[in-house]
Amino acid sequence: MNSELEKVVNEIVEQFKVEKEFLCKATQSFVDSMDTGLKHDKSSRDFMPMIPAYVTSIPNGKETGLFLAADLGGTNFRVCSIKLNGDHTFAMEQSKAEIPRDLMKNSTADELFSYLAKKVKAFLCEYHSDVEDEEKLKLGFTFSFPVNQTAINRGTLMRWTKGFDLPDCVDKDVVELLQSNLDKLETNVHVAALANDTVGTLLARAYANNPEETKSNTVIGCIFGTGTNGAYFESLENIPKLDLSTVPKDAAGMVINTEWGSFDNLLQVLPTSVYDEILDSETSNKGFHLFEKRISGMFLGELLRVILIDLFERGLIFQDLYKSRGGSLPHRLSEPWQLSSEVLSYLQIDDSTDLKMSGLIMENVLRLPTNSEERLVIQKITQAVASRAAHLSAIPLAAIVQRVAPTYKDDENDFEVGCDGSVVEFYPGFQANIKEALQLIDPLKGSKKKIHLRIAKDGSGVGAALCAATT
Ligand code: BGC
């Protein structure tokens with residue numbers, strides 16, 4: 001690699017390194033931010049929302065019944081029916097549809113929700129035409145955006161994330177929007193519960209987990225996919241903002257949707273590079289969810305792209321290509337959001353001679369011819385961006401485990417974290433890097449207990465059904 005290019009790439013890689021001292025400081029800052037969010041009723045950019053989910057108990061695996069679940073959270077809308085068997089197992093039917101891009105932006109709440117209601121109706125016709133008319137099926141609605149939730153079946157959208165932008169939906173009750181559109185289609189469905197995907201993941205993993213076998217208690221449900229977020233169970237006395245008259249008398253705690261994507265929006269501790277700033281400026285929720293923008297699948301590819309464009313503008317890469325094209329770069333490289341984290345996952349582990357595999361991928365996905373030096377740069381940057389993401393992901397996990405650990409002091413079980421999402425499930429090395437950072441932080445100092453990451457498949461479907469089951 002030519003020496004100037006090598007120097008610049010090493011500087012960038014260095015900028016994306018995360019040290020132990022920083023991780024420990026950020027974990028403490030996360031714990032403090034949790035407390036601030038639990039105190040303040042009004043949401044603010046300055047702290048995590050810490051939204052009460054109105055779920056006051058964690059499943060024990062004995063729940064039974066047939067429920068529907070609908071899941072809007074990113075690029076897809078999923079409808080499922082779940083039969084809980086009451087023995088930690090379930091049976092599920094499901095259908096999935098990609099959300100048309102023009103319904104994510106420049107459209108209206110009504111258009112989006114009428115589309116969703118039609119998908120629910122189509123699912124019922126296909127799988128449950130046998131359900132008697134008088135039986136209203138209960139539906140748990142997983143809606144994975146920040147919602148100001150005021151009851152198990154009520155919540156208004158605070159703001160969109162992950163590329164959605166339908167301004168007229170903000171401040172509207174999303175349960176009402178779905179129910180009214182289902183009613184228009186005369187479907188026999190009652191939207192009984194509203195749940196964030198992380199709340200669903202927590203409940204679903206707790207349902208599937210048999211602590212006698214796994215010797216661990218499920219304490220966090222989280223997503224590392226298109227977006228990132230986590231939920232956990234908090235004691236009522238630690239949620240000063242909660243109006244206790246809205247909570248059943250015998251409840252001891254409540255599930256909290258942290259919306260940790262918005263951890264440190266003021267950037268008091270998070271590492272920030274000029275590339276993070278450019279990326280934020282391209283999003284429709286600028287200044288918000290800055291933690292998510294350093295971690296989740298929607299942003300990893302864009303960070304890589306922004307860095308490559310910078311190296312090009314500094315005259316360090318793609319110069320021959322630029323000239324041979326008469327003064328332009330392929331539009332898939334010059335336009336934002338064209339690189340998915342799935343593509344990065346192949347670049348990350350390419351060990352072919354001269355990184356020829358990466359060459360083919362860049363040709364296919366971005367129509368971008370590369371030389372071997374450029375491919376090496378791409379791989380180094382990809383690895384730096386992804387390992388920073390995974391290391392940062394350990395911060396909320398360490399903070400929450402540290403916070404809930406005293407509740408389990410009379411119990412010998414380990415802690416387990418139920419995770420879902422394409423990045424944590426499929427990105428090579430992501431889980432290993434989270435674990436490495438967890439070890440550096442060491443949130444359970446002096447204890448023999450371990451923290452296990454366990455993939456909780458279909459968390460949002462089964463979890464929403466479990467929420468509906470509590471109503
Ligand atoms: C949303 C969360 C969601 C997470 C994972 C974030 O962008 O704000 O509500 O849980 O993505 O889907």
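Visitor: Where does the ligand sit in this predicted model?

Guide: The model is predicted.

Visitor: By class, how many residues of the shell around the ligand are nonpolar, polar and charged?

Guide: There are 15 residues around the ligand. T161, N196, D197, E259 and E292 come nearest. By class, the shell has three nonpolar, eight polar and four charged residues.

Visitor: How far is a polar side-chain atom of D197 from an oxygen atom of the ligand?

Guide: A polar contact needs N or O atoms within 3.5 Å. The side chain of N196 has an N or O atom 2.8 Å from a ligand oxygen. For H289, that distance is 3.0 Å. For D197, it is 2.6 Å.

Visitor: How much of the ligand's accessible area does the protein cover?

Guide: On its own, the ligand has 310 Å² of accessible area. The protein covers 98%.

Visitor: What UniProt annotation covers residues 220–469?

Guide: The end C-alpha atoms of this span lie 20 Å apart. The span is 48% helix and 12% strand. The annotation comes from an unreviewed UniProt entry.

Key. Residues numbered from 1 in each chain as written. Predicted model: local features only at pLDDT ≥ 70, side-chain atom pairs only at ≥ 80, totals over all residues. Heavy atoms only, no water. UniProt positions renumbered as here; feature names shortened; annotations may be inferred. Helix = DSSP H or I, 4+ residues; strand = E, 2+ residues; numbered from the N terminus. Near = heavy atom within 4 Å. Polar contact = N/O pair within 3.5 Å; in protein donor to acceptor, adjacent residues only side chain to side chain. Areas by Shrake-Rupley, 256 points an atom, 1.4 Å probe, with all protein chains shown as cover. Nonpolar A, V, L, I, M, F, W, Y, C, P; charged D, E, K, R; others polar.
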